[in-house]
Amino acid sequence: MQNIPHIPVLYREVLESFKNIEDGIIIDCTMGYAGHSSMILEANPNIQLIAIDQDQTAIDFSTERLVKYGKRVRIKKGRFSQVIKEILEEVDIQDIKGVLADIGVSSLQLDQKDRGFSYESENLDMRMDKDAVLTASKVVNEYSQSELEYILLEYGELRNYKKIADEIITNRPFSSAKNLSDALKPHMPHGKKIHPATLLMQAIRIEVNNELGELKSLLKSLEEARFSNTIISVISFHSLEDRIVKQTFLEWKKSCICPAEAMRCECGNNNSLGKVLSKKPIMAKDDELKENVRSRSAKMRTFNMDVS
């Protein structure tokens, strides 16, 4: 009997977004512990599910968890930005009725201190894929000051990014996430709800895993697929990701794509890929917030792509 380690965020809202899908394929781009995957399979008994993850530990766990669903499930290893392209070539586009992407670091990775995602970790790794080359140690201990300043500003949105980069350069090498977060704590913004090193760790993690590039690539592949009546739900955990999803969905819904300076419409005014189903981000309800503190940052946006 497996010990199921966590409840997936926004689980009710995810099921609600896919509730009208009676058959076809739903793709879970970020399987993790298969929390969302298992719930979707239970709630939609006639669908097939293709699940993606780049973490072999997650794949091993979830393969066992989902075995009872038999041939209804296929699990593919790799970065979702690449695997989604393979899937779109392998199956009939018309069969894909739903796509879920729960972006960011998984509970599995956060809970395993040896992965280096935790502030208390004795490692400095942060790779979602253990086979990847770039590690947090390389970023922290080998990046130039200008490179560190860039990721701290762009991915951590830290106002004193120059000072923090200077402190890293001056005090390195760092051997662990704990060592790094403790050393930089005096220079980090202090809030009541998050650890002082949250934005620092976020910036490094995004760089190590190319998280924003992965998200943009996924959305581009989905845009090019031009689905017919397919629900796309994306869960993000910080403003950088949410902004990308929001802006992409707004672009997708535009019927006229002429430049702003155009005197009149010349594009045909028929370029909409569908409609936004959540004008505001969907967030966890109070009872879920009490059960799962990690859900407090989760925001889900949903789009119905219908190019027909």
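1. Basis. The model is predicted, with local features requiring pLDDT of at least 70 and side-chain atom pairs counted only at pLDDT 80 or more, while totals for chains, interfaces and linings use all residues. Residues are numbered from 1 along each chain as its sequence is written, and side-chain values use heavy atoms, with hydrogens and water left out.

2. Helices α4 and α11. Helix α4 (residues 80–90) packs against helix α11 (residues 211–225) at an angle of about 15°, the axes being 8 Å apart; helices here are DSSP runs of H or I with at least four residues, and strands are runs of E with at least two. That angle makes α4 roughly parallel to α11 (angles under 35 degrees count as roughly parallel, over 145 as roughly antiparallel, 65 to 115 as roughly perpendicular and the rest as oblique). The crossing is left-handed, and the residues in contact (heavy atoms within 4.5 Å) include Phe80, Ile84 and Leu88 from α4 with Leu215, Leu218 and Leu222 from α11. By class, this contact has seven nonpolar, three polar and two charged residues.

3. Helices α7 and α8. Helix α7 (residues 145–154) and helix α8 (residues 161–171) pack at about 135°, with axes 9 Å apart, which makes α7 oblique to α8. Their crossing is right-handed, and among the residues that form the contact are Leu148, Leu152 and Leu153 of α7 and Ile164, Ile168 and Ile169 of α8. The contact divides into eight nonpolar, one polar and three charged residues.

4. The second largest pocket. This pocket holds about 370 Å³ of space (on a 1 Å grid over the protein atoms alone, a pocket is an open set of points where a 1.4 Å probe fits, with protein on both sides within 12 Å along at least five of seven lines, and lining residues have an atom within 4 Å of a point). Of its 17 lining residues, Glu16, Ser17, Phe18, Asn20 and Ile231 are the closest to the centre. Two or more residues each come from α1 (11–17) and β7 (299–305), and α1 gives the largest share, three residues. The lining comprises six nonpolar, five polar and six charged residues.

5. Backbone. The peptide bond from Arg172 to Pro173 is cis, with omega near 15°, and Pro173 sits in the loop between α8 and α9 (177–184). Arg226, in the loop between α11 and β5 (230–236), has a positive phi near 50° although this residue is not glycine.

Terms used
Axes are lines fitted to C-alpha atoms, for helices over the stretch in contact, and angles run from 0 to 180 degrees between N-to-C directions. A crossing is left-handed if the near helix is turned anticlockwise from the far one by less than a right angle, and right-handed if clockwise. Ala, Val, Leu, Ile, Met, Phe, Trp, Tyr, Cys and Pro count as nonpolar, Asp, Glu, Lys and Arg as charged, and the others, Gly among them, as polar. Grid points are joined across faces, edges and corners, and a volume is the space filled by probe spheres set on the points.
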